Amino acid sequence: MKELKLKSCIIFILIGISLQISAQDYSPIDTADADFRSELKSSYESIFDHYNADLKNNYQGKKKSELLNAFQSFQDDFIKEIEDGIYVKDAKFQDLLEEIVQELQAQNPEIPKDIKILISKHPNVNAYALPDGTLVMNMGSFKFLENEDQIASIIAHEIAHHVLKHVLNSQIKQIDDDISGKYKSKIKSIKQVKVGQNSQAFQLMQNLLYEEGANRRIQEKEADSLGFVYFQKAKFKSDEFINAFKLLQRYDTIKPAGLPKEIYLKYFDLPEQTFQESWLEMEDFSQYDYSKFEEKIDKDSISSHPEAMERITALQKNFPELKTISPPKNPSENFVELQNTANWEEVPNLFFLKQYGMAIFISLLRLEEGLDERFYKYWLAKSFEKVYEARKQYRLNRYLETVNPPEQSESYQQFLSFMWNLNLDELKTIADFYSKTEI
């Protein structure tokens, strides 16, 4: 159950970040390590057994059974992710994260000693806490954050979620509401009306979503405050807690962009297939007035996270010393190396996660930046092969977005239009051409 994860800073943005290493000899991190996955799966099956045993001892009746059912569903999904290779075995990332956790524990004795940390292949800035004390840090966090202290601020925030038992408490609240019949009378009355039943049912659902969103935003601010207390006591620079939030605010407004129109002729005018201007044709959305369209569900009201600036303001109110912030400190050489690795892993990770359209988009961006042609042409081939297969099976919308002007930059709309304009044979020709590249 993904909703059990109280996610922090969920953003996926794409900006041109210069890589400082050569990919000529770079090989993506191997997640096919059968021994690693087997050991990790076995350890978490044991961890979950102990956690479920604690639930059985601490709760009774319907509350116990509902909690066990909810967490079992989530645990099954988590074990499946381990089997699929979502989690990364890499000593350099692992060592840094564990060092941060140990420093926070050393300076804050109230933090449990059983904190565990994993690295996922997801290329966006995100971290979350599981109810058993596991923290998951996305590899993309190393790409977009600037130094170890900013990574530590995210970890401190997630530890606070765990200490405050936010995941467990949220689930208990839902069960208590159900047991108490909080909404049963409203549902019953809606069933009895003959006119306007659908609108009343929608209003009830909307209120439930808004209430849940409001509760989670409160939890986020609680974790911000307690996380900063933990962070401040450790060796980390206090300013970086706010600097991390400022980066999140900055990146939250950036959309995939930066791909020039000329790149399509450069990389898709092939010996076996002449470039067609019709591939760049875009649907005319200029006559559509988006201001007249109103969402039935307000996104801000159901969001589990307050806006970054709102969180910064709350922190500065509670901790006046945060009102004057110095620029971010320089990263260590070790952190720069991890940043570079996260950059090179971005496209392989997108491919692994079956985000084939985005893998192509980023590969083209990197090629335009003059980065390793062999590496990115190889991933162009693999991604186009998957797009071809998906198009053939009428499943392309699972792996490639459709054009949505209010939510996308002009260059990303152009990219999506180009991809959707290619027919099966054209996709196959592109895939075959670039498949000659090896890494």
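Lysine 165 has a relative accessibility of 49% and therefore counts as partly exposed, in a model that is predicted. This lysine 165 sits in the loop between helix 5 and helix 6 (166-180), and its phi is positive, at about 55°, although the residue is not a glycine.

**Another positive phi**
- Tyrosine 394, which is not a glycine either, has a positive phi of about 60°, and it lies in the loop between helix 15 (373-392) and helix 16 (410-421).
- With a relative accessibility of 76%, tyrosine 394 counts as exposed, because the cut-off for that class is over 50%.

**Helix 5**
- At the start of helix 5, asparagine 147 places a side-chain oxygen within 3.2 Å of the backbone nitrogen of aspartate 149, while lysine 165 follows the helix.
- Helix 5 (residues 148-163) has 16 residues, which at 1.5 Å a residue should span 22 Å, and this agrees with its end C-alpha atoms being 22 Å apart.
- Most of helix 5 is covered, since 15 of its 16 residues are buried.

**Helix 1 and helix 2**
- Helix 1 (residues 34-58) packs with helix 2 (residues 61-84) at an angle of about 175°, and their axes are 10 Å apart.
- The two helices, helix 1 and helix 2, are therefore roughly antiparallel to each other.
- Among the residues that meet are Leu40, Tyr44 and Phe48 in helix 1, and Leu67, Phe71 and Phe78 in helix 2.
- Sorted by class, the contact of helix 1 with helix 2 has 11 nonpolar, three polar and six charged residues.

Methods: Residues numbered from 1 in each chain as written. Predicted model: local features only at pLDDT ≥ 70, side-chain atom pairs only at ≥ 80, totals over all residues. Heavy atoms only, no water. Axes fitted to C-alpha atoms, helices over the stretch in contact; angles between N-to-C directions. Helix = DSSP H or I, 4+ residues; strand = E, 2+ residues; numbered from the N terminus. Parallel < 35°, antiparallel > 145°, perpendicular 65-115°, else oblique. Contact = heavy atoms within 4.5 Å. Nonpolar A, V, L, I, M, F, W, Y, C, P; charged D, E, K, R; others polar. Expected span 1.5 Å × (residues − 1). Buried < 20%, exposed > 50% of the residue type's maximum accessible area, 1.4 Å probe, protein only. Polar contact = N/O pair within 3.5 Å; in protein donor to acceptor, adjacent residues only side chain to side chain.
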